[in-house]
Amino acid sequence: MEENEKITALLNNFDVEKENIYKKVIPTVQELIVEQLRPDEKDLLKWKTSSRGRFDFRDYLNSRSCKNFSEVHLDALWRYYLGNVNVQRSKLIIEQYKLLNKRNENCAHCSSIENLQVDHKIPLVKGGLDTIENLQFLCGTCNLEKHGRYDYKELII
Ligand SMILES: [Zn+2]
């Protein structure tokens with residue numbers, strides 16, 4: 001292969017990789033936002049009652065984290081902060097996830113293969129998305145521990 005072709009192939013692949021990496025880290029980034037970058041109640045109240053609320057919210061997130069958020073994730077976070085979260089789980093997404101990971105079924109936390117359940121990395125009630133990227137397998141024990149961890153955390157709304 002010509003040197004130029006190699007470089008072109010590498011760059012093309014890099015784009016694919018970038019997309020994959022982004023999909024993998026997005027749940028973590030979103031959780032970080034929920035935990036670390038959450039606006040104070042005064043700002044929230046101000047945005048909620050203004051017509052520019054959602055835009056100011058995006059500007060605030062971008063200025064705090066130096067990152068441009070996709071509209072989908074921004075929307076999920078905004079709904080979360082409004083206290084207007086859709087907690088209806090899509091059974092189809094969960095079935096798709098199981099199908100895609102049929103050969104790789106073990107707990108994301110302890111690698112156990114016992115009593116596996118499909119879990120949302122960021123719970124839907126915290127603004128997590130009902131997408132394949134936000135799903136993982138957890139064993140019953142780890143899932144229980146995780147619920148305990150989230151239950152005592154105070155929600156801002
Ligand atoms: Zn486990």
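Modeller: The expected span of a helix is 1.5 Å multiplied by one less than its number of residues. The model discussed here is predicted.

Biologist: How do you know that the reach of helix H4 is close to the one expected?

Modeller: Helix H4, residues 71-82, has twelve residues. Its first and last C-alpha atoms are 16 Å apart, and the expected value at 1.5 Å a residue is 16 Å. The reach of H4 is therefore close to what the definition gives.

Biologist: What makes a residue of H4 count as buried, and which residues are these?

Modeller: A residue is buried if 20 or more other C-beta atoms lie within 10 Å of its own. In H4 the residues that count as buried are Ala76, Leu77, Tyr80 and Tyr81.

Biologist: Which residues are called exposed on the face of H4 turned away from its buried side?

Modeller: That face carries Glu71 and Val72. The term exposed applies because a residue qualifies with 12 or fewer such C-beta atoms. Just after H4, Gly83 adopts a positive phi of about 75 degrees.

Biologist: What makes up the largest nonpolar core?

Modeller: Eleven residues make it up: Ile33, Val34, Trp47, Phe57, Leu61, Phe69, Ala76, Leu77, Tyr80, Tyr81 and Leu129. Helices H1 (3-36), H3 (53-65) and H4 supply at least two residues each, and the largest share, four residues, comes from H4.

Biologist: With which residues is Ala76 in contact, leaving aside neighbours within four places in sequence?

Modeller: Ala76 is in contact with Gly127 and Leu129. The word contact is used because the C-beta atoms of such a pair lie within 7 Å. Another core, of five residues, lies apart from the largest one and includes Cys107, Leu138, Cys139 and Cys142.

Biologist: Where does UniProt place the feature "domain: HNH nuclease"?

Modeller: The unreviewed UniProt entry places that feature at residues 95-144. The end C-alpha atoms of this span are 21 Å apart, and the span is 22% helix and 20% strand.

Biologist: What is the pattern of the protein, read along the sequence?

Modeller: The pattern is α-α-α-α-α-β-β-α, which comes to six helices and two strands. Of its 157 residues, 17% count as buried.

Definitions and conventions. Residues are numbered from 1 along each chain as its sequence is written. This is a predicted model: local features need pLDDT of at least 70, side-chain atom pairs count only at pLDDT 80 or more; totals for chains, interfaces and linings use all residues. A nonpolar core is a set of buried Ala, Val, Leu, Ile, Met, Phe, Trp, Tyr and Cys residues joined through C-beta atoms within 7 Å. Two residues are in contact if their C-beta atoms, placed from the backbone, lie within 7 Å. UniProt positions are given in the numbering used here, feature names are shortened, and annotations may be inferred rather than shown by experiment.
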